[in-house]
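I opened this model to look up its overall build, its salt bridges and a few places on its surface. My notes follow in the order in which I looked.

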Amino acid sequence: MNRITKGSGNYQGWWLCVIVWLSIFQPFVAPAQQNFKGSEDTQKISQRPDWLLAPESYKAIIAVDQSHAEITLENGLIRRTFRVAPNGATVGLDNLITGESLLRGVKPEGSVKIDGVTYQIGGLDGQPNYAYLKPEWLDQLTASPSAMQFEGYETGQPQAPFEWKRVRHHAPGSAWPPKGVYLRMDYSMPDYQSLISQAELLPSDYGRSAIYNTDFQILDPGWTVTNSGAHPRSSFENEGKPGEIYTPQNTSVFVERDLDENARIVEATFDVGTDKSKQYGPGITLVWPDKTVKFYLRPGGSGAGEGPPWFGLWDGEKEINAIGGGQELDLSQPWSLRFRITDTAVFCEAKPKDGNWILVKQLAAFDSMPDRVRLGKTNGQGNQGDDESPGELVRLHVSSFATYESFKLQPISDLQKNIKVSVHYELYDGIPVMAKWLTVENRSGQAITVNDFTSEIIAAVEYGAAVESREYNVPKPNIHVETDYAFSSFDVQDANHHAVRWNADPQYLTQVNYQRKTPCLLEVGPELGPEKTLGPGEQLKTFRTFVMPYDSYDRERQGLALRRMYRTLAPWSTENPLMMHARFADWDRVKIAIDQAAEAGFEMVILTFGSGFNIEDDSQQYLQKMKQYADYAKSKGVEIGGYSLLASRKIDPQQDVVMPEGMRPTFGNSPCIGSEWGQEYFKKLYNFYQTTGFALLEHDGSYPGDVCISQDHPGHKGYEDSRWEQYATIAEFYQWCRSRGVYLNIPDYYYLTGGSKCGMGYREVNWSLPREQQPIHTRQNIYDGSWQKTPSMGWMFVPLTEYQGGGAAATIEPLNEHLDHYENMMVSNLGGGVQACYRGPRLYDSPETKAMVTRVVNWFKQHREVLEGDIIHLKRANGRDLDYWLNVNPQGEEKGMLMVYNPENKVITKKLKVPLYYTGLIDQAVVQTAAGAVETLSIDRDYSIALEVTVPANGYTWALIK
C-alpha cells in the first residue's frame, strides 16, 4: 500500500504515475513544475481496440500531478481527477472513449449525518456557473471550513469484499478480486467553531439550549386561540386533539403567544392534511406592534387555478413570489419551518420529515425582535381574517413548536477530533467502471449514531435541455449507476431506486428548464437510515456504488457494457449449472432424480417448493438424512440444494414486520429479519449448510426492503434502522454462502452481494398455456431478459408436470410422447446459454427420451463457452417467422453461435444478414452448420456475413462461427 498524509515527510520531487502493485511509498509534496496529461491523449483513444473486444488493452493506474495538487485514476476508458488542496474534491470526470467531459460542477465527495448534524465531505466552493466547469476556475475555488477536511490518502489494489469459493464451472479467466487500482482519501471533522460560524444548516438544538418546546399533547395556558367565525366547527383543537385544525380552507385559525426576547430560532412542524389553500396555508408568523412576517406552506401553489405546492413568504411589506426558486414540494409528509435569526441576516429555512434543513429565503436583519409568534392558518399577511369564499372544510395539523437561544460556543470536543471518515475508490482494468464507498470510524470514547449518508455526488452534464418538463421528465445522463444495496426486483434500475437518485441541482441556476428540474445531480445514499450506533472503536462501512459512463446510446452496446461489468464484479454469476427441480423430497424419488441427472449430464438437483423439503427442520435426524442425500449426490458427481421461502408469508404479529400506517409489505406479508424468529431462521440456515453438504439455496421471497416500526425486535432499534439491519443480515449470509461455494438462486437483484442467479423474467402462469405457445414465450423472455443479464444470470422454466393449471395440454409428461416439444424447450433455453428449472419427478421416462436429453446436454457442453457468452439481439420471436440471436465470445476459440428457430408448420429457407462485429472477427469467418457443412465466408465492411439457413418446421438450427 502507498500512504500519503497531508503535511507529512520531506518534499522530494514528484512521481508521475503510481502503479499500485509496485507498492511505492512517497509523501504528498507541494506543487512542482510538470503537468499530468493522462496515460493516453483523447485523439489516440479512437485508434485503440474496442474495450468490449479487447479489455486486456486497458489497465488502471493512479497518477499524481503535484503542480496542481491533483490525483487521477484512469484506465484509458474513464478518468476521474481529484484536487486535494485546499480540500478534496472531484474536478474531472471524463469518458475517454468518446472524449466527453461528464462533469459540469464541483460538489462534495459525499456527506454524513452524525448525531443529527450533516457534514459535507470535502468539496470546493465558489464556482460561478454550474452549467460547465472551466479549468481556470479551479485555482479560485475555496474550501468551506464547515466541511470535513482532506488529510491524506493511501493507494493499493482492490480487495475482495468477500470470498468466492470456486467449486463449479464458470467463465474462464474470471478474476476475484477484480484487477485494478484502489485509492482511499481520508477526511477529518471540521473545527466546531468553524462549523457554527459558517451559518450552516444545522439542527436547531446544535449548540443551543431550548427556551420552549411543545408537541401539543396539551395546549398550555400561554397560548391564546383565534378561531374563524366562518363555520361553527372552526377550531385549533378538533375532537380533543390540540394542534389539529378543522376549518374552511380559506379562513384563519391559529394560536399565539409571547416570544422570549432571547429566541434566535423559532421552529414549528406542519402536516397540511387536506388543506389546498394558497395565502391561507399553515405557517409561522412573527408579530411586531406595527408589522408581521409570515413564512408558510402553500399547498395550492401560486397564482390562479391549481398548481404545485410551494413555500410562501410575506416579508412585512410584500408577498415574495417563487420563494425558494419556486420549487415544488412533496407535502405527503410533514414539513418543519423555522426562522433563524442572526445579527446580520434572518434565514427562512425548511426541512421535510427526516430530511435536512434547506435555505428557502434570506432576509435582512431585523431592527428589533418580534414580540409574539402565531402558528396555524392566517391570511396572506399573517393576520386574522377570512376570504369571501371560505371553501370546504379541511383538516391539518400543527404537531410541534420550539424556540432556541443563541449558540453557546464550546471547545472542540473529543468527539469532533476523533471521528475519521474515509472515501474509498476502485477503478478496474478493462471496464469503464469506478466503485466508491465510505467508512466512518469512531475513535472517540463515546457512542455516536450515523443517521444518514450520501456516498456519491456527481454534478453531471445533463442528457438534454427541456425548457418545460411539465409531467414529462428529461432523461437522466447517459451513465449507469447501481449499488450492492439492491433488492425487490428483477430489474437493475428498479432494484436500486432505494439508493440511486438523479435529482435537480439547486446550484444550477442557468439551466434552461423554467423550474430548474433537470435531473443532472447524482446523489447515492439510502432512502432510510442507517441510523447505526457505533461504540468506541467501531466502524460503519457503507454499501458500494458503481458508476459506468456508457460510450454509446445504442441499446445493444449499453447492454454489453452492463453485462461485462457483471462478469467482472460478480464473476460467480458466470457459474451456470444445469439444474433439475425435483418435485418430491422422499428418498426413492430423490435418488431417481440424482441418478437421472448424473446419467443425462445435469449438474444440480434442487428439492423444489412443494416437494416436502424443509430447511427449517433442524432436528439431528433430519440434518443427517439430508447429509446422506448430499453424500449420495456427490458420489454421482451431482450437487444438491433446496428451497426456502423467506418473505411472502406470515409468522405471527410479534415476528412479522410492523409497517407504518398506510404501508403494506412488498409481498403482502413478511416476517421481520430482525425479530426473534428471523434471527433463529438464519441460525438454522447457517447450521444446515455447515452440516449437510448441500450446495445450493433457492431463496424465494428474499428480503425486499420492507421497513419495520417495531421497537421490540432484537435485530433493530426501530423504524429508522430497520431496513439497514435487515439487509445487513441477509447480505452477510449470502456472502458467507459465496465463501463456501453455495449456489444462490434468488428472485431479486442480489448479484453484487453474492447472488448467483435471478429470474430471466417471465410470468409464471404462462407455463400453464398450451405446449405449442410455450417455446415462443421462452425465446421472447430470453431475448428481453438478456439486454441486462448475461445468459448465466437468469433462470427460465420448463414444467415437466402440470404447473399452476393447464392440464395435459400444458405439460410435457408423459415425456416420451412429447419429445419434439421437450427438445424444442431445451434448445430454446440452452441455445441461449440459459438454464431452466426442469420441474418434475424425472428427466426421462424411456430410452428415447434419455437419448434426446443426453444429446442436447452434450451439445450444450461442447459449445458451452460460446453459448454462455453474450446474446446479440437480432430478431425477437413473434410466431410468424424465423426468430434468431447470436451468441458471441470474442475471447474464445468459438467466436459465435447463431441460433435460429422456426415457429411455423413448414420448412423455411432464408438468407440472413448476421452481424459479426462482437465476435471480434474482421476479415473471414469459418462457419459450420448443424448439418456439418463448413465454409469460409468473407466479412463485409459492415462486419456482417450473408448466411442461408434452412430450418425444419417447428424446429431449430444453428451455425457455429470461428
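**Overall build.** I began with the radius of gyration, taken over C-alpha atoms: for 962 residues a compact globule would have a value near 30 Å, and the chain has 32 Å, which agrees. The globule rule I used is 2.2 Å times the number of residues to the power 0.38. I then noted that the C-alpha trace spans about 100 × 75 × 55 Å along its principal axes.

Before going further I wrote down that this is a predicted model, in which local features need pLDDT of at least 70 and side-chain atom pairs count only at pLDDT 80 or more, while totals for chains, interfaces and linings use all residues. Residues are numbered from 1 along each chain as its sequence is written, and side-chain values use heavy atoms, with hydrogens and water left out.

**Secondary structure and packing.** I found 13 helices and 52 strands in the chain, both being DSSP runs numbered from the N terminus (helices H or I with at least four residues, strands E with at least two). Of the 962 residues, 60% are buried, where buried means under 20% relative accessible area, exposed over 50%, and partly exposed in between (1.4 Å probe, protein chains only). Among contacts (heavy atoms within 4.5 Å) with a separation of 6 or more, 70% are between residues 24 or more positions apart. The accessible surface, from the Shrake-Rupley method with a 1.4 Å probe, comes to about 38000 Å², and 46% of it belongs to carbon and sulfur atoms.

**Salt bridges.** I counted a salt bridge wherever a side-chain nitrogen of Lys or Arg is within 4 Å of a carboxyl oxygen of Asp or Glu, and by this rule the count comes to 55.

I looked at D186 and K420, whose side chains meet at 3.8 Å, N to O. D186 lies in strand β12 (residues 180–188) and K420 in strand β27 (residues 419–428), so this pair ties together parts that are 234 residues apart in sequence. D186 counts as buried at 10% relative accessibility, and K420 is buried as well, at 19%.

I turned next to R395 and E244, which form a salt bridge at 3.1 Å, N to O. The pair links strand β26 (residues 393–404), which holds R395, with strand β16 (residues 241–248), which holds E244, across 151 residues. Here R395 is partly exposed at 34%, whereas E244 is buried at 11%.

Are R338 and E349 buried or exposed? I found R338 buried, with a relative accessible area of 0%, and E349 buried, also at 0%. Their closest N and O atoms are 2.6 Å apart.

I also noted a network of salt bridges that links R80, E109, K436 and E456.

**Surface places.** I looked up a nonpolar patch formed by V467, V512 and Y514, with about 360 Å² of accessible area together. V512 sits in the loop between β32 (500–504) and β33 (519–524) and counts as partly exposed at 46% relative accessibility.

My last entry concerns S635, which is found in helix α7 (residues 620–635) and is exposed, with a relative accessible area of 55%. A polar atom of the S635 side chain lies 2.5 Å from the backbone oxygen of Y632. From S635 to V951 I noted 316 residues in sequence and 41 Å in space, C-alpha to C-alpha.

Definitions and conventions
Patch = residues over 30% accessible without salt bridge, like charges linked within 9 Å, V, L, I, M, F, W, Y side chains within 5 Å. Polar contact = N/O pair within 3.5 Å; in protein donor to acceptor, adjacent residues only side chain to side chain.
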